[in-house]
Amino acid sequence: MPKKSELPAFTPKIGDIPVKDVFSSSKLAFGIFDHLDEDGRDIAQQYADRLVLAEAYDRLGFFAYHVAEHHCTPHGRGPSPNLFLSSVAQRTRQLRIGPLVMLLNLYHPLRAFEEICMLDHLSGGRLEVGIGRGSLPLELGYYGVSADAAPSRYEEASEILISAMKGGTLSYQGQHFELNSVPLTVRTYQRPRPPTWIATNRPESAAWAAANGANLACVGPSSAVRKVTDAFRAHREPNGQANDQMPFLGLLRMVVIGCSDTDAYSLAASAYERWLESFRFLYELNAIPTPPHLPLTFDAAIESELCVVGTPASVRQILLNQLEEAGANYLLCQLAFGNLPLDASLCTATAIQSEIMAGLGRQ
């Protein structure tokens, strides 16, 4: 069994301000992230199991359930996250839901807007909208969107989407899209619009998010994520109102909690191997290198902080330390991945609620 790394004592700062003055565990929130990656079983059964998990997340008090969008790969069995989330909306009452991220390059922005409106109403105003252009050009290429066109196409689509949220009629002239006085006959349930998210590991993207009031989802070692959250705070201008709240700065971690370290490691190692196989599918099929920071073994996943595994008490301390070092205020827990049994994911979700959330006054 690999030895868990111990984080050294530290007193990180944002500028000249100690992190303890900007990070408070009492203000932490907890959400769920899901790739819906292939688990080796029938796809209908996997959907059914995920709905059971969604009900549990709702019951346990998690803030939101975020689903990734992938195409033509076992890394994502939810190529239409909004369609899947419409089922989640009907099985839950408080849990917020949303794509993380909706690949705008694969939608006409008008269609994307109408889907967002529908899902926001179907969920009673519980939608969190993540948008992005996609991290793997191969997936976009299957739909005829070239890597060269993707940046400008995404920029236009996001501009149109944000403009559509204002209502009225929609006109736009661009390289990729042309809209002429389109009547917008549906609106979002939430006003002026649902919360927006982006997923990034780049400080320059964090600056855009800060300027546009978007929430962040980040993955990577805490020290690297800290550069992103620092950039966000440096570029954020408070609105001066008494109820002004810091947007969510999310830290993603794959988490498995067991009765003992041995049990947790055994489950997580097998699940990570299966998840990694799905992740690498398109890279190997097309003979291209995997991302340089992708942990290629379970031990490397632990060392890089992607996976946090162990008993409830040890996982609690590791996660709180990593959140503090990263300057994050939102823990995105990936509790179902690879071939993890449903019971194991339910056990981890319950342990997070009882060991961490309840201790911080979340229930």
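How many aromatic pairs does the structure hold? The structure holds 14 of them, and we will take a look at one of these pairs below. Please keep in mind as you read that this is a predicted model.

**Aromatic rings**

- A pair of aromatic rings is described by the distance of the centres and the angle of the planes.
- One of the 14 aromatic pairs is formed by Tyr272 and Phe298, whose ring centres are 6.3 Å apart and whose planes make an angle of 50°.
- With that angle, the pair of Tyr272 and Phe298 is classed as tilted.
- Tyr272 belongs to helix α8 (residues 261–279) and Phe298 to helix α10 (residues 298–303), so this pair ties together parts that lie 26 residues apart in sequence.
- Are Tyr272 and Phe298 buried or exposed? Both Tyr272 and Phe298 are buried.
- The two rings also belong to one aromatic cluster, formed by Tyr265, Tyr272, Trp275, Phe279, Tyr283 and Phe298.

**Two helices that meet**

- Two packed helices are described by the angle between their axes and the distance between the axes.
- Here, helix α6 (residues 203–212) and helix α7 (residues 222–235) have axes that come within 8 Å and cross at roughly 35°.
- The crossing of α6 and α7 is right-handed.
- On the α6 side, the contact is made by Pro203, Ala206, Ala207, Ala209 and Ala210.
- On the α7 side, the contact is made by Lys227, Val228, Ala231, Phe232 and His235.
- Sorted by class, the contact of α6 with α7 has eight nonpolar residues, one polar residue and one charged residue.

**Cysteines**

- A disulfide is a covalent bond between the sulfur atoms of two cysteines.
- How many disulfides does the structure hold? The count is zero.
- Cys259 is in no disulfide, and the nearest cysteine sulfur, which belongs to Cys347, is 5.8 Å away.
- Cys259 counts as exposed because its relative accessibility is 73%.
- Cys307 is in no disulfide either, and the nearest cysteine sulfur, which belongs to Cys333, is 13 Å away.
- Cys307 counts as buried because its relative accessibility is 3%.

**Cis peptide bonds**

- Val101 lies in the loop between β5 (96–99) and β6 (102–103).
- A cis peptide bond also joins Arg191 and Pro192, with omega again about 5°.
- Pro192 sits in the loop between β9 (178–183) and β10 (196–199).

**Positive phi angles**

- Leu36 is not a glycine, yet it has a positive phi of about 55°.
- You can find Leu36 in the loop between β3 (29–34) and α1 (43–60).
- With a relative accessible area of 0%, Leu36 is buried.
- Ala287 is not a glycine, and it has a positive phi of about 55°.
- Look for Ala287 in the loop between α9 (281–285) and α10.
- With a relative accessible area of 71%, Ala287 is exposed.

- Where is Thr73? Thr73 is in the loop between β4 (64–67) and α2 (81–91).
- Thr73 counts as buried because its relative accessibility is 10%.
- Leaving aside residues up to four places away in sequence, Thr73 touches Glu139, Ser278, Phe281 and Leu282.
- Gln175 lies in the loop between β8 (169–173) and β9, and it is exposed, with a relative accessible area of 64%.
- Leaving aside residues up to four places away in sequence, Gln175 touches Ser152 and Glu156.
- Glu155 is part of helix α5 (residues 150–164) and is partly exposed, with a relative accessible area of 47%.
- Glu155 and Cys72 are 83 residues apart along the chain, and their C-alpha atoms are separated by 24 Å.

Technical notes:
Residues are numbered from 1 along each chain as its sequence is written. This is a predicted model: local features need pLDDT of at least 70, side-chain atom pairs count only at pLDDT 80 or more; totals for chains, interfaces and linings use all residues. Side-chain values use heavy atoms; hydrogens and water are left out. Axes are lines fitted to C-alpha atoms, for helices over the stretch in contact, and angles run from 0 to 180 degrees between N-to-C directions. Helices (H or I, at least four residues) and strands (E, at least two) are DSSP runs, numbered from the N terminus. A crossing is left-handed if the near helix is turned anticlockwise from the far one by less than a right angle, and right-handed if clockwise. Contact means heavy atoms within 4.5 Å. Ala, Val, Leu, Ile, Met, Phe, Trp, Tyr, Cys and Pro count as nonpolar, Asp, Glu, Lys and Arg as charged, and the others, Gly among them, as polar. Rings of Phe, Tyr and Trp (its six-membered ring) pair if their centres lie within 6.5 Å; planes under 30 degrees apart count as stacked, over 60 as edge-to-face and the rest as tilted. Buried means under 20% relative accessible area, exposed over 50%, partly exposed in between (1.4 Å probe, protein chains only). A disulfide is a pair of cysteine sulfur atoms within 2.5 Å.
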